[in-house]
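Good morning, and thank you for making the time. Please look at the sequence and the structure on the screen before I take you through the side chains.

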Amino acid sequence: MLTEYESDCHTGMDIALLSGLLYDYTSGYPCLVSRLCKFMDERIPGSGEFPTPSSAWTKAGFLRLCSTIIISRRSSQQAECMTRACRSETSFSWEDI
């Protein structure tokens, strides 16, 4: 998935590094990997710290995403909802939580 994204978007990401980080944080659970990648693509680039996709698709960008999710005041509700959605193969919106 990351290889295809990189060939389309040319971010210069270290695919092996980010693949390892994603696996470490998700144990390879496909739904979680997809959600994290989606948020890496949509929420991290354009922020003050990571103005471009190239700056976002780094270890620092990934760790920022994870810390943002963890410190969210609703993170436990989000994690529960994400887990339920992954198990049932349904979609959900963070805004619905």
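Thr3, Glu4 and Asp8 are exposed, and they sit on the face of helix 1 that is turned away from its buried side. Exposed here means over 50% relative accessible area, buried under 20%, and partly exposed in between, with a 1.4 Å probe and protein chains only. This is a predicted model, in which local features need pLDDT of at least 70 and side-chain atom pairs count only at pLDDT 80 or more, while totals for chains, interfaces and linings use all residues. Residues are numbered from 1 along each chain as its sequence is written, and side-chain values use heavy atoms, with hydrogens and water left out.

Which residues of helix 1 are buried? In this helix, residues 2-9, they are Leu2, Tyr5 and Glu6. They cover an arc of only 100 degrees around the axis, which places them on the same side of helix 1; the arc is taken from the directions from the helix axis to the C-beta atoms. These buried residues pack against helix 2 (15-26) and helix 3 (30-42), where contact means heavy atoms within 4.5 Å. Just after helix 1, His10 adopts a positive phi of about 55 degrees.

Let me place this helix in the whole chain. The protein chain has 6 helices and 0 strands. Helices (H or I, at least four residues) and strands (E, at least two) are DSSP runs, numbered from the N terminus. Of the 97 residues of the protein chain, 32% count as buried. Among contacts with a separation of 6 or more, 42% are made by residues 24 or more positions apart.

I turn now to the aromatic rings. A pair of aromatic rings is described by the distance of the centres and the angle of the planes. Rings of Phe, Tyr and Trp (its six-membered ring) pair if their centres lie within 6.5 Å; planes under 30 degrees apart count as stacked, over 60 as edge-to-face and the rest as tilted. How many aromatic pairs does the structure hold? There are 2 aromatic pairs. In one of them, the ring centres of Tyr5 and Trp57 are 4.9 Å apart with planes at 40 degrees, so the pair is tilted. Tyr5 lies in helix 1 and Trp57 in the loop between helix 4 (53-56) and helix 5 (59-71), so this pair ties together parts that are 52 residues apart in sequence. Both Tyr5 and Trp57 are buried.

The rings of Tyr25 and Phe62 have centres 5.1 Å apart and planes at 80 degrees, so that pair is edge-to-face. It links distant parts of the chain, with Tyr25 in helix 2 and Phe62 in helix 5, 37 residues apart. Phe62 counts as buried, at 1% relative accessibility, whereas Tyr25 is partly exposed, with a relative accessible area of 44%.

Finally, the charged side chains. With a salt bridge defined as a side-chain nitrogen of Lys or Arg within 4 Å of a carboxyl oxygen of Asp or Glu, the count comes to 2 salt bridges. Lys38 and Glu42 form a salt bridge at 3.1 Å, N to O. Both residues lie in helix 3, 4 residues apart, about one turn of the helix. Arg64 and Glu49 also meet in a salt bridge, at 3.0 Å, N to O. This pair links distant parts of the chain, Arg64 in helix 5 and Glu49 in the loop between helix 3 and helix 4, 15 residues apart.
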